[in-house]
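Please walk through this fold with me, one element at a time. Keep the model open as you read.

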Amino acid sequence: MWAYQSVFYQIYPLGFCNAPFPNDDQPVNRIQKVCDWITHLKQLQINAIYFSPIFESDSHGYDTRDFKKVDCRLGTNQEFAQVCKTLHQNDIRVVLDGVFNHVGRGFWAFQDVLKNRENSPYKDWFFIHFDGNSNYNDGFWYEGWEGHFELVKLNLRNPAVVDHILESIKSWVEEFDIDGLRLDVAYSLDHDFIRRLRQFCNELKPEFFLVGELLHGDYNQFVNDQMLHSATNYECYKGLYSSFNSMNLFEITHSLLRQFGPENWTLYRGKHLLNFVDNHDVTRIASMLTNPKHLPLIYGVLFGMPGIPCIYYGSEWGAEGLKQNGDPTLRPSFSEPQNNELTKWIATLSDAHQNSKALCYGDFRSIVLTNHQVIFERKTDEERVLVAVNASDQPYVAHFDAGCGLANELISGTTHDFGGGSTLPPYSVQYWKMEK
């Protein structure tokens, strides 16, 4: 699967393109801005973009009006198709947000229910009781997603609803040649629907990638041969920033051992979860870390740990944003991409990750672990890489059996000699590709 050796870049299009909120129904080709960033993306060694909602919606994108029409605030279907074509020409794949659990009140089928009530042929597309009332005084009650009544829950047990969604996905492949979907609130989706979706997409396009938004619980319930290829790794997201802020690298290492370690009870060994240090729903990592010098280090762990790394637009140069200040703070428009030392660092990590079978596919084993330092092994039958991190402001000398005398340091390109112990400089990350 192509995604397992990719580096993803997440763009929230409505924010990225500075679209107005709510929808002003004025068509403007804003999505072309993505093409202006391709040079930047290629410098970062990005080879897949995950677009947050792109289709016509009432406001923020997750309140869909029409699955088959690109949001007019971003442009037309033809204009987005040209963006996708240009991305593909630059070897960047396209993954869209599939928001299938709920729609907006402006969704065409729900509008028909508002107009025709019991006589609407779409009344069973939703969970409706005509003997009640809604928060919007519609004269009937309906189920909203987790109490958000601007998000009308779809009935995924209705074959007509499922057929409409699958037809829409087929049109996205035909019009935009998309390479996969990220399923919004996958934890709320009907399991049979996901199985049907996987089967349909397998037949629709070879290696079509499905990743689900999962928060807690056992990801195996969704990530398996019949359902999803991957899921958002929220467990390790928390472990990443918390480990650095508490100066306790045992936390993230424990999570990685629990998920990918060598023991038989390991949960996700051999699976490829989507890893991130921030996204459109959480505080930016530059605002989350208490020590700014840990910012390069957390990316060093991100690109060294098992799974698929995903960068959120703007965070590659240290953009800040606090969740408590509202979602628009997390989803801004930047006039142009910036390049600084962090950007260059992430580009180097990205290159090292993609060109290492061990970092893309290798097993996980902890070798050295203290509160402030960690060395872990990523290993396949062909390659072995050690990831060494020192989160302290002091150098650290690690004594361990490396199993060989020399290694190629993938980040700097230098040769590392394990004789007499390995010195980890303050605030450092090293990827040692071991001699065979």
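Just after helix H4, Asp-91 takes a positive phi of about 60 degrees. This is a predicted model, in which local features need pLDDT of at least 70, side-chain atom pairs count only at pLDDT 80 or more, and totals for chains, interfaces and linings use all residues. Residues are numbered from 1 along each chain as its sequence is written, and side-chain values use heavy atoms, with hydrogens and water left out.

Step back into H4 itself. Helices (H or I, at least four residues) and strands (E, at least two) are DSSP runs, numbered from the N terminus. H4 holds 13 residues, 77–89. The expected span of a helix is 1.5 Å times one less than its number of residues. For H4 that gives 18 Å, and its end C-alpha atoms are 18 Å apart, so the two agree.

Which residues of H4 are buried? They are Asn-77, Phe-80, Val-83, Cys-84, Thr-86 and Leu-87. Buried means under 20% relative accessible area, with a 1.4 Å probe and protein chains only. An α-helix has 3.6 residues a turn, so residues three or four places apart point the same way. The buried residues of H4 pack against several elements, including helix H3 (38–43), strand S5 (93–98) and helix H6 (159–176). Contact here means heavy atoms within 4.5 Å.

Two strands pair if DSSP finds at least two bridges between them. The open sheet has 8 strands, in the order S13-S12-S11-S5-S2-S1-S15-S14, and the pairing is parallel. Its edge strands are S13 (230–231) and S14 (274–276), each pairing on one side only. S5 and S11 (residues 180–183) run parallel, joined by 4 bridges. Val-95 has Gly-180 in S11 as its bridge partner.

Move on from S11 to S12. Again 4 bridges join the two, which run parallel. Arg-182 stands opposite Val-211 in S12. Both faces of S12 (residues 209–212) are covered. Phe-209 and Val-211 are buried on one side, Leu-210 and Gly-212 on the other.

Now look for open space. The largest pocket holds about 570 Å³. Of its 29 lining residues, the closest to its centre are Tyr-62, His-280, Asp-281, Asp-327 and Arg-331. Strand S10 gives the most to the lining, with 3 residues. Other elements giving two or more residues include helix H1 (13–16) and helix H8 (234–245).

Methods: Buried means under 20% relative accessible area, exposed over 50%, partly exposed in between (1.4 Å probe, protein chains only). On a 1 Å grid over the protein atoms alone, a cavity is a set of points where a 1.4 Å probe fits but cannot get out, and a pocket is an open set with protein on both sides within 12 Å along at least five of seven lines; lining residues have an atom within 4 Å of a point. Grid points are joined across faces, edges and corners, and a volume is the space filled by probe spheres set on the points.
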